[in-house]
Amino acid sequence: MPKGFHRGKNTSTRRTDRFIEDNIVQNERVYYSMLSNHDTRETSDKQKFRPSFKSGRIDRNRSRPVDSSKLQRIIEQDVDMAGSSSHGDSHPRHVPYSRPGGRKSNHARPQQNSRGGSSWSKVTIPHGKKFEKDFILKTLLNASKVSFIPIYYHIEGNNAVFFIEDSTAAEALSTLNKQITLHDGFKLIILVKWSPAPNLPINEDLKGKIKQVMSRRYDPQMKMLNLSQFHLDEELCTDFYTPLSRENVMQTVVQIIGDHIPDVQVIDLSNNKIYSVDQMKPLVTKAVFLKSLNLGNNKLGQITSLDRLQGLKLEELVLNRNPLCDRFNEQSTYISAVRKRFPKLIKLDGVELPPVISFDIGAEDVALPLSSGSWFVSDEARQIVLVFLEQYLSVYDSDDRQPLLNAYHDSAIMSLTCSYPPGQTANAPSRLDSYMKDSRNLKRIDDPQRRFRLLQQGKVDIVSFLSKLPKTLHDPSSLVVDVPVTSSHLIVMSVTGVFRERVERHSLIRWFQRIFIIIPSTGGGFCIVNEQIHISCATPEQIKAAFKEPVVVPAGLSTPASSVPIGETTASSTLVDPVVQQQMVASFSEQSGMNTTWSLKCLEENGWVFDRAAFVFTELKAANQIPPEAFIK
């Protein structure tokens, strides 16, 4: 409980004692003036029931102190506080228990209704309208063996009605039926029935009263609002019933907070039998300075109910003595669940929490740096990796991927995963069906045997698997290469970019990331020992930027002696593995229909980038710019 708040138990007891004493003093004159208007028989009754008060005691034939501690017995388990109104009570008429011989007892015991399990009772005083409220309550409090707090005293027709929330007090009041003789000689009739809690609509008068009580309970210096046991407040409970567990009451309180004390920093809502915080959600915007919230000893059953309060920048929270606390077996799990909803929390249930290591930086505080493109740990690694990738992707983008056998180690391992980017679903035409069936997502696949089957092992299995994937055409301008690790024994590189699937009906653009670990090969060059491929659908921004860089068409392709255009990046044939060159030339000659001489020339002039050479060949052939001798074999 936040420091400075008074405990509801002592306050309620103290206020009830004062209520009894003040009512005795205020009504003595009225009481005796009413007695003076009756006959001598009533005068003798006056002598018999003449009250005397001394130190909070009321004398009825003998001095008996009022045990104010018994008032706390009413703080028990509540019934469903959203029950129907008590007005127009539909419960069956009370029939007193009969004594042996057929005589009826004057002790009218409370009759339990069909709801059962209720701790609330409705007390009706027939013809109580002609008496002052304080007179009736003082008389009942004086005569009852059990102290009680009357709630929502009002008049229904000619009857005086109020509610109590203590079954023991209700039983005690029922035994007083026709046992108290009034000044007119008649016996006081007391009818007690079990009842749901009273349900009052919020009108302007009640709203003004709630505002007045909240003003008295607010400390402007400490910015603290104490609403503990709100429905038992001495200014509310007698004439009204305002439990914060009722939606209309909580809505009214939250509205008053937002309109009049938006700078409140501490709110105590303990001991109010609150089972839902849905109506407290506006506090996120109405009380932006709130740092401490006490919800202790309520009826909150699930930790998820606090999701409605996410957004409050709470530093202190009290939840103990709520059913939700019993759902956690370990304190660490409990703290983690609460901190997930209130990350700035430093004290929970009065206990200091260990600090959280986090980066409290919002988007408005710092801007992320722009991408710096490819990065290489050394120039030597740059040269090796770029040549390797040019050779690899040129073969991968061809119709025949079998030459990739030379790019993998005999014991190489490869896996593929795929997923949809945020905001996209598995809807046509961006479905990843060609890859999803072979995706080795360890978060989705729990079966160890299936995990093993989806792991491609050995260069033969790897190339066979890659040959079944859709034919591709990579966009060279989209490639980003990072080489964070290099040594004399291995090189680790990451390649990202986009490619187009070469299919007949439509061309789909995918985003990819491939991570290679390459080692020196015994026959020269490098080979792959481990590869991870991830494929996803390209975002709209990536699709818009893909394949926009113009391809420079070598002007001298029509003649074997033509040279590479100025500004076109090429790779020297000495940097390309001769075996790979032969395989590329043979593959290009087979696909294009040109002889090996012209195929070699086309590949050389396009920097040994297979897809680029194929694109140029297609464009020139469509324009009839390739001479007939290029097809003579």
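Are F328 and Y334 buried or exposed? Both residues are buried, where buried means under 20% relative accessible area, exposed over 50% and partly exposed in between (1.4 Å probe, protein chains only). The model is predicted, so local features need pLDDT of at least 70 and side-chain atom pairs count only at pLDDT 80 or more, while totals for chains, interfaces and linings use all residues. Residues are numbered from 1 along each chain as its sequence is written, and side-chain values use heavy atoms, with hydrogens and water left out.

A search of the whole structure gives 11 aromatic pairs. Rings of Phe, Tyr and Trp (its six-membered ring) pair if their centres lie within 6.5 Å; planes under 30 degrees apart count as stacked, over 60 as edge-to-face and the rest as tilted. F328 and Y334 make a tilted pair, at 5.5 Å centre to centre with 55° between the planes. For F588 and F617, the ring centres are 6.2 Å apart and the planes stand at 75°, so this pair is edge-to-face. F588 belongs to helix α14 (residues 578-592) and F617 to helix α16 (residues 610-622), so the pair ties together parts 29 residues apart in sequence. Helices (H or I, at least four residues) and strands (E, at least two) are DSSP runs, numbered from the N terminus. Both F588 and F617 are buried. One aromatic cluster is formed by F388, Y392, Y396, Y408 and F516.

Charges also meet rings. A charge sits over a ring if NZ of Lys or CZ of Arg is within 6 Å of the ring centre and within 35 degrees of the ring normal. The charged end of R500 is placed over the ring of F547, 3.9 Å from its centre. R514 lies over the face of Y396, with 4.6 Å to the ring centre. Y396 is also a member of the aromatic cluster with F388, Y392, Y408 and F516.

A salt bridge is a side-chain nitrogen of Lys or Arg within 4 Å of a carboxyl oxygen of Asp or Glu. The search of the whole structure finds 11 of them. E531 lies in strand β22 (residues 526-537) and R514 in strand β21 (residues 509-520), so the pair ties together parts 17 residues apart in sequence. E531 and R514 are both buried.

A further salt bridge joins K459 and D410 (3.1 Å, N to O). This pair links distant parts of the chain, with K459 in helix α12 (residues 459-468) and D410 in strand β16 (residues 408-419), 49 residues apart. K459 is partly exposed, at a relative accessible area of 24%. D410 counts as exposed, at 54% relative accessibility. The side chains of K437 and D438 form another salt bridge (4.0 Å, N to O). K437 is exposed, with a relative accessible area of 54%.

R514 and Y396 return in the lining of a cavity. On a 1 Å grid over the protein atoms alone, a cavity is a set of points where a 1.4 Å probe fits but cannot get out; lining residues have an atom within 4 Å of a point. Grid points are joined across faces, edges and corners, and a volume is the space filled by probe spheres set on the points. By this rule there are five cavities of 30 Å³ or more.

Elsewhere, seven strands form an open sheet of mixed pairing, in the order β8-β9-β10-β11-β12-β13-β14. Two strands pair if DSSP finds at least two bridges between them. The edge strands, β8 (218-219) and β14 (351-352), each pair on one side only. β8 and strand β9 (residues 224-226) pair in the antiparallel sense over two bridges. D219 stands opposite M224 in β9.

Backbone angles complete the account. Most residues other than glycine have a negative phi. N297 has a positive phi of about 55° although it is not a glycine. N297 lies in the loop between β11 (292-294) and β12 (316-318), and is partly exposed at 26% relative accessibility. The phi of K178 is also positive, near 60°. K178 is found in the loop between α4 (167-174) and β7 (191-194), and is partly exposed, with a relative accessible area of 36%.

Definitions and conventions
On a 1 Å grid over the protein atoms alone, a cavity is a set of points where a 1.4 Å probe fits but cannot get out, and a pocket is an open set with protein on both sides within 12 Å along at least five of seven lines; lining residues have an atom within 4 Å of a point.
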